[in-house]
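Visitor: Hi! I'm new to protein structures, could you walk me through this one?
Guide: Happy to, let's have a look together.
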Amino acid sequence: MAAKDPGEMRENAPADASTAEAPVRRRSAVRAELTPAVTLFAHPRLHRLGERFLLESLAAGKEVAISRNSPDFTRPKERLGGPLADPFLSRKPLRLIPGTAGSVLLDPGDGSQVVVSGEPLSAPREFSVQDIAEGVTLELGGRVGLLLHLTRSTDDDEPDALGMVGASLGIRHVRQRIEQVAALSVPVLIRGETGTGKELIARAIHEHGPRRQRPFISVNLAAVPKELAAAELFGARKGAFTGAVRDQKGVFLAANGGTLFLDEVGEAPPEVQVILLRVLETGELYPVGAHQPVKVDVRLLAATDAQLEAQIEEGRFKAPLLHRLAGYVIHVPPLRERREDIGLLFHHFAREEMTALGAARQMTAGDAYAEPWLPVGLASKLVRCAWPGNIRQLRNVARRLVIDNRGKPSLSLDAELQRELTSPAAPTATPPVAPTTPEVKRRRASNITEAELVAALRECDWDLNPTADRLGVARASLYDLIQRHPNIRTAGRLSAAEISRCHQECQGDLQSMARRLEVSRKALARRLKELGLDNPLR
């Protein structure tokens, strides 16, 4: 685990960090590359969940008709498929008609009843590109559920490749990132909300890399007491402290030759951050009570749901540690941005639970006229849910539904679960905050262009608080926005050589340095302190 220069780390990191969430969060920027599609999230034949039909004809100005007998839905990467073919659906089609500026007009016609996002549709309704990007649920005839959404017409990988279920843009992009970095030795920082499957991604990197036959050790840094951190991480010699009756290996040595996964790295106490940084810089560690360093060779993976940039600004996380960890960054999309995957994921988790109960055959429809095991109304609620707990919450809901409805022909919600699925989303790691000035309106950070962001930063002298107010976004969202644009300079992305040269030319005047380097004055002051340079706040 050779030490790397922070400047080298800066050059390696942004290539991924800037684009990892682009297919999900910056939908407007890639709109020209995307195609509307309808994906099955509910069907009496559960094996059909995830099949889709690309609405490419809409781009050519042609309408699309959907009925019992057409069109043919196929699973990504497969050529053969079939129509919806449910006997309760009408042969009379509903029509999807191209509108202006990429919108789509849905005409229900006089065939099957259509329910849109939980509301019956009795007249034509138009959906904007933004509506489609967020996903629109369509319930047909009380039996079949379709999600109208955006996707790419080309399939980059298998829908369940690398052990990750789903074919949404976000999860396909994550799989691409894993394939790009798995064979390398660079450290990887996996970022995403709680419950999005960050440890699953870490295991996929390990299992598809050259260390797959070696140990994979996972440690939750939030659960490591600072008093025991050195012994837990680096081990201890017999007699090093009271109770040390034998040599203790520690997680770094346990993972030697393999992969060490540091979960919840943003929750590590400052004392733990210091000892972590030391071993990452030198590749050597001192077990407690040892007098000679021990060389260690581990592939380091880390994960966090915290806004580390905000913690750095507040002095709660060390910038050099972030630079060491973020050799390559993978952003994991939240479940609410993967709505076309929810039906597949629920089926996957429910089948696991039903198999454990010995009742998996109950999920297979025998009679085409029987009530579906997964009712379309319930499936639609699942797809529309905000899922603040993400995949972990979905798995728990699937388990509760299976247990509560054991032996019944179809699933139903109790009052408690009904409230959980319809309650507002819990705050995420980046909760929105009200603007400080009444004339500023809240905006979507994903709609802000790089040029607009740079202009606002310059107008505000790279002070992040007024910049966030000017753009109408939360400050935490501003950190995330800057992270996704590698061309925007930050103090953390500057090399030590560039800072030292500017320090000399500006004779240590912090304000002049910040103006010339075009970075935050506070963040630059911290970098100067880390580099041992004089940094008077002038």
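Guide: Let's start with a term: on a 1 Å grid over the protein atoms alone, a cavity is a set of points where a 1.4 Å probe fits but cannot get out, and lining residues have an atom within 4 Å of a point. Grid points are joined across faces, edges and corners, and a volume is the space filled by probe spheres set on the points. Keep in mind that this is a predicted model, where local features need pLDDT of at least 70, side-chain atom pairs count only at pLDDT 80 or more, and totals for chains, interfaces and linings use all residues. Residues are numbered from 1 along each chain as its sequence is written, and side-chain values use heavy atoms, with hydrogens and water left out.

Visitor: Okay, how many cavities of 30 Å³ or more are there?
Guide: A search of the whole structure turns up four.

Visitor: What's the volume of the second largest cavity?
Guide: About 80 Å³. It is lined by 14 residues, and the closest to its centre are Ile-66, Ser-67, Leu-94, Ser-112 and Leu-140.

Visitor: New topic: how many disulfides does the structure hold?
Guide: Zero, counting a disulfide as a pair of cysteine sulfur atoms within 2.5 Å. In general, a disulfide is a covalent bond between the sulfur atoms of two cysteines.

Visitor: Which cysteine sulfur is nearest to that of Cys-502?
Guide: The one in Cys-506, 3.9 Å away.

Visitor: Is Cys-502 buried or exposed?
Guide: Cys-502 is buried, at 3% relative accessible area. Buried means under 20%, exposed over 50% and partly exposed in between, with a 1.4 Å probe and protein chains only. Cys-506 counts as buried too, at 12%.

Visitor: And how many aromatic pairs are there?
Guide: Three. Rings of Phe, Tyr and Trp (its six-membered ring) pair if their centres lie within 6.5 Å; planes under 30 degrees apart count as stacked, over 60 as edge-to-face and the rest as tilted. Phe-216 and Phe-261 are stacked, because their ring centres are 6.3 Å apart and their planes are at 20 degrees.

Visitor: Where do Phe-216 and Phe-261 lie?
Guide: Phe-216 is in strand E12 (residues 216–220) and Phe-261 in strand E13 (residues 259–263), so the pair ties together parts 45 residues apart in sequence. Strands (E, at least two residues) are DSSP runs, as are helices (H or I, at least four), numbered from the N terminus. Phe-261 is buried, at 0% relative accessibility.

Notes
On a 1 Å grid over the protein atoms alone, a cavity is a set of points where a 1.4 Å probe fits but cannot get out, and a pocket is an open set with protein on both sides within 12 Å along at least five of seven lines; lining residues have an atom within 4 Å of a point.
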